[in-house]
Amino acid sequence: MNNTSKLNHISLLAFAFVAIVVVVNLFTTNNYGRSNSQVVNAITETNPLMNYHQLRNIADGKTNDFVLVDLRSEEDFLNGHLPSAINIPFASLLEKQSIKTLNRLKDQTPVLYGAKESDAQNARLLLLAKGLDKNIMVLGGNYESALRYAVKDFQPAFSSFSEEKARFDYPRLMGVPQAGPKEDNQPAGIIPAVKTETLSAQGGC
Amino acid sequence: MAPFIPEGIVNPELNLFFALLLGIGFGYVLEQAGFSSSRKLAGVFYGYDFVVLRVFFTAGVTAMVGLTFLSFMGWIDMSLVYVNPLFLWSAIVGGAIMGLGFILGGYCPGTSIVAATVGKLDAMLFLVGAVTGIFIFGHFYNDWESFYNGSFLGNPFIYETFGMPRSWFAFALVIVAVLAFAITQRIEDNVNQTPKEIISQRPSYVMPGMLLILSMFALLFLPEQRKSNAQEVPPHELLAMLQQNDRFVDVEEATYKIIQQDRDFILIDVREPEEFERFALPGAINITMDELLGRRYREFFSDNKEKKVFYSYGESSADMAWTVAKRAGFEEIYVLQGGLNGMFDTLFNGSDVPEDPKNMDEEFSVRFITKARQMFKEGEALPKEATQPVPVRTIIELETPGGRGGC
């Protein structure tokens, strides 16, 4: 019987130790709402880019489903911003106030833009990592390009503008031999690869 | 934190040293458990001694419970743990041969070595047989290679096949283990006709068994898995790093390193593989976003000798890859400023190259840019194997074809 009680003591101690470690762990280091691989899945699964047709609709007040979020500093925001945009500076993106503001948008989708497209993309990534359970979109390009191609003077050719598109004919520039039949009537040198597209339902969520 | 080798905490060259320590420990435990006796080992087949089953089941369950808890607490990344891949038919045939040998000889490979070292003659003969078998296998390997490497099924997990969470499977297995211990003890006592007095003097294992089941049961109702690992960079620090620009490598530096063919400067192309195969910067390797955190590149990223530079067409995809990698705690990672678009814009539209340079720095910059232009135009920069993904030179391929031996 002495053996049994010794065994019970040891197993209870081990159990208590594991329980304490788990409980302490539960209440610490809980910074993120999504694991890193969940974030990777979330960003590779969907294309969050909003095109300038949709931006046009927002600017003209035709749709009320989106809210433009300006990620630049307050100073830049006051100097000029896209129509009906709200300001959440990138530096204060993860503060409680900002996340509360985003969560308060019930049926509306936030559309992020900044001085660079990567700021908006990274902001979306951080919000997803933080566990924001909401569809977040990113405006293609940046503040300057949106202003130039969509707000001031709408150019359909640039409607799906994004910094992440090839701007040059790289294989030619780098002398890569092209496989298959090659169009010879293309002018040599640098040609812009911005595609002129017809209107199509694109870039939704 | 762990696994130690893919994370770069333990030097791969120390592998053999740790293998020696673990091997000594393993041999000691086997000998202490009485596994150098072939009668004891074969007992499991006749029902008079189940110690083999209990020892291996205990080892498996202990490891499983430990890994489940460590992974739950975010201290171990299970996706980085090596799992032996399944070759279905060679596993079945190999298992049958091993089982037959086990009954006939009374040893399995590991225990025969233990028994041979304590001087058992039959174990030494068994080892001679094993070595002969290995020799025959190797000699006729070409004849059964297709069978040996055939019916490869990857790494299927039982819980994934049944579509249940890992914690449920672990819970079920713990219950099976506890039941198996109780039942085999019964069978053993019946077969040996153990006297009642001896049975009543044994310690009762009810409490430890119950606590084990309880702890696994509790795990079912705790949240699935910790969202952040212990070694990850917290979100606020990540945000602060993103506001600084020191992660960017400018066009001049990048072209200089490309021209110099600097081995400590590795370009990582995060575009899709098809685009990478079409063309890429010289010497670049292709790691897309979803491969970034995988086991395959972990060792590469934990090696901090080289400067690793992400690039894509623009800046944003590369920058997102940087953010994910930085959160995972990778060091010495950078982003090509402006991406390919920015780089080629500077090189070919070169508005910022002054006609007559005023100082040394400017002169250097002009020289690099002119050289780079020439290089790209003349196709010198073209990597020789541009149509194939460039092999990663720093990775030790961990996957070994074929099964590894058990105990």
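Why are α2(A) and α6(A) described as oblique to each other? Before this is answered, some conventions are needed. The structure is a predicted model, in which local features need pLDDT of at least 70 and side-chain atom pairs count only at pLDDT 80 or more, while totals for chains, interfaces and linings use all residues. Residues are numbered from 1 along each chain as its sequence is written, and chains are lettered from A, with ligands numbered from 1, in the order in which they are written.

Helices (DSSP runs of H or I, at least four residues) and strands (runs of E, at least two) are numbered from the N terminus. Helix α2 (residues 36-45) of chain A packs on α6(A) at an angle of about 135°, with the axes 9 Å apart. Axes here are lines fitted to C-alpha atoms, for helices over the stretch in contact, and angles run from 0 to 180 degrees between N-to-C directions. Angles under 35 degrees count as roughly parallel, over 145 as roughly antiparallel, 65 to 115 as roughly perpendicular and the rest as oblique; α2(A) and α6(A) are therefore oblique to each other. In this pair, V39(A), A42(A) and I43(A) of α2(A) meet L125(A), L128(A) and A129(A) of α6(A). The contact has 6 nonpolar, no polar and no charged residues; Ala, Val, Leu, Ile, Met, Phe, Trp, Tyr, Cys and Pro count as nonpolar, Asp, Glu, Lys and Arg as charged, and the others, Gly among them, as polar.

Helix α6 (residues 117-129) of chain A also meets the other chain: the axes of α6(A) and α16(B) come within 9 Å and cross at roughly 35°. E117(A), S118(A), Q121(A), N122(A) and L125(A) make this contact with S316(B), D319(B), M320(B) and T323(B) of α16(B). By class, these residues divide into 2 nonpolar, 5 polar and 2 charged.

Across the whole interface, 47 residues of chain B are in contact with 49 residues of chain A, contact meaning that C-beta atoms, placed from the backbone, lie within 7 Å. On the side of chain B that touches chain A, α16(B) gives the most, with 7 residues. That side comprises 27 nonpolar, 13 polar and 7 charged residues.

Chain A also holds an open sheet of 5 strands with parallel pairing, in the order β1-β5-β4-β2-β3; two strands pair if DSSP finds at least two bridges between them. The edge strands, each pairing on one side only, are β1 (49-50) and β3 (86-87) of chain A. Strands β4 (residues 109-113) and β5 (residues 137-139) of chain A pair in the parallel sense over 2 bridges.

Terms used:
Two residues are in contact if their C-beta atoms, placed from the backbone, lie within 7 Å.
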